[in-house]
Amino acid sequence: MGKKILIIDDDPNIVTYLEDIFQDAGYATCKAADGADALAVVKAEKPDLITLDLEMPKEWGPRFYRELSQDEECSNIPVIVISGLSGNKYAIQKAVASFTKPFDREDLLKVIKETIG
């Protein structure tokens with residue numbers, strides 16, 4: 001497996017779908033079901049890219065992103081927002097890209113390839 005993508009989403013169907021897309025494209029995957037658990041997963045797994053849902057129980061995406069960006073070890077990991085919220089591109093302005101569910105898998109893979117190869 002090549003580069004690793006961390007999927008942060010509380011919907012198991014979305015997580016499975018993203019895992020299938022990424023693994024079929026040659027990427028390794030890891031996952032976190034919530035922003036509250038995600039920082040520990042980032043430190044343990046050291047992903048090359050993160051896909052981030054915004055609306056999750058416990059801790060929502062923007063709060064996780066703020067913690068991530070304040071951590072020197074993790075702050076340079078690119079993030080792609082994948083959310084059902086409209087206007088999601090404004091939630092995390094430094095995100096590489098923002099996709100609204102449902103999204104086009106080819107568009108997502110194109111952005112990932114441009115970002116991490």
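Predicted model: local features only at pLDDT ≥ 70, side-chain atom pairs only at ≥ 80, totals over all residues.
**Notebook: D53 and around**

Leaving aside neighbours within four places in sequence, I find D53 in contact with I8, D9, D10, G61, I82, S83, G84 and K101. I looked up where D53 sits, and the answer is the loop between strand 3 and helix 3. Buried or exposed, I wondered about D53? D53 is buried, at a relative accessible area of 4%. I also checked the UniProt record, an unreviewed entry, which puts "modified residue: 4-aspartylphosphate" at D53. That annotation may be inferred rather than shown by experiment, and I leave it at that.

P102 belongs to the loop between strand 5 (97-100) and helix 4 (105-116). Next I went to K46, which is not a glycine but has a positive phi of about 50°. K46 is in the loop that runs between helix 2 (35-45) and strand 3 (49-52). K46 counts as exposed because its relative accessibility is 52%, and the cut-off for that word is over 50%.

**Aromatics**

How many aromatic pairs are there? I get 1 aromatic pair. The ring centres of Y17 and F103 are 5.9 Å apart and the planes meet at 45°, so I log the pair as tilted. Stacked would have needed planes under 30 degrees apart, and edge-to-face over 60. Y17 is in helix 1 (residues 12-24) while F103 is in the loop between strand 5 and helix 4, so the pair ties together parts 86 residues apart in sequence. As for burial, F103 counts as buried at 14% relative accessibility, whereas Y17 counts as partly exposed at 33%.

**Cysteines**

I searched the whole structure for disulfides and got 0. C30 is in no disulfide, and its nearest cysteine sulfur, in C74, is 12 Å away. I have C30 down as buried at 8% relative accessibility, and C74 as buried at 3%.

**Cores**

Then I looked at the nonpolar packing. The largest nonpolar core has 21 residues, and L6, I8, V42, I50, L52, F64 and L68 touch the most other members. I followed up on L68: not counting residues up to four places away in sequence, L68 touches L39, V42, I50, C74, S75 and V79. A second, separate core holds 19 residues, including I21, Y27, I80 and I116.

Notes
Residues numbered from 1 in each chain as written. Heavy atoms only, no water. Helix = DSSP H or I, 4+ residues; strand = E, 2+ residues; numbered from the N terminus. Buried < 20%, exposed > 50% of the residue type's maximum accessible area, 1.4 Å probe, protein only. Phe/Tyr/Trp six-rings, centres within 6.5 Å; stacked < 30°, edge-to-face > 60°. Disulfide = S-S within 2.5 Å. Core = buried A, V, L, I, M, F, W, Y, C linked by side-chain atoms within 4.5 Å. Contact = heavy atoms within 4.5 Å.
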